[in-house]
Amino acid sequence: EGHDRAQTTCDGVDQDILALPGCQTGLVKALISANPRVILVLVNGGPVSLPTLLNHKGVLAVVEVFYPGALGGTAVADVLFGEYNPGGKMPYTVYESIADVRASVDYNMSTSPGRTYRYFKNDNALIPF
């Protein structure tokens, strides 16, 4: 689970893996084994496919913070302790597999399976926009 590549993206290279890097999936599963009431906080800059974790009964919630900045820890704590309700929505679709994502050099929006939430015609969206 996960992948062991040192780098998943860089300038001029598309991301071709949507899984968590390294042993992070195993780490989350170990946390769930120790405490079956886990809130998963993701700090990342793009979609991460987590089908086994999202459907795991031990994961109560997933909080996506993207790049939270200098006060991100305080902001996440405020959300986790109920002092603030962000009421947000994902700004993009998270696909179950990289096979569902079209090459970034293909700019035709409506060619199957579609690009962007408006044209994507696949029921395999893990988290739709």
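This is a predicted model: local features need pLDDT of at least 70, side-chain atom pairs count only at pLDDT 80 or more; totals for chains, interfaces and linings use all residues.

Me: OK, where is serine 49 then?
Reply: Serine 49 sits in the loop between E1 and helix H2, which spans 51-54.

Me: Is serine 49 buried or exposed?
Reply: Serine 49 counts as buried, because its relative accessibility is 9% and the cut-off for buried is under 20%.

Me: What does serine 49 touch, not counting residues up to four places away in sequence?
Reply: Serine 49 touches Leu18, Ala19, Val94, Tyr95, Glu96, Ser97 and Leu126.

Me: New topic. Which residues make up the largest nonpolar core?
Reply: That core has 10 residues: Leu20, Val28, Ile32, Val38, Leu40, Leu42, Val48, Leu50, Leu53 and Val59. Helix H1 (24-34) and strand E1 (38-42) are the elements that give two or more residues to this core. E1 gives the most, with 3 residues.

Me: And what is valine 28 in contact with, leaving aside neighbours within four places in sequence?
Reply: Valine 28 is in contact with Leu40 and Leu53.

Me: Last one, leucine 60. Where is leucine 60 found?
Reply: Leucine 60 is found in strand E2, residues 59-64. With residues up to four places away in sequence left out, leucine 60 touches Arg37 and Val38. Leucine 60 and isoleucine 39 are 21 residues apart in sequence, and their C-alpha atoms are 5.5 Å apart in space.

Me: Why does leucine 60 count as partly exposed?
Reply: Because its relative accessible area is 48%, and partly exposed lies between under 20% for buried and over 50% for exposed.

Conventions: Residues are numbered from 1 along each chain as its sequence is written. Side-chain values use heavy atoms; hydrogens and water are left out. Helices (H or I, at least four residues) and strands (E, at least two) are DSSP runs, numbered from the N terminus. Buried means under 20% relative accessible area, exposed over 50%, partly exposed in between (1.4 Å probe, protein chains only). Contact means heavy atoms within 4.5 Å. A nonpolar core is a set of buried Ala, Val, Leu, Ile, Met, Phe, Trp, Tyr and Cys residues joined through side-chain atoms within 4.5 Å.
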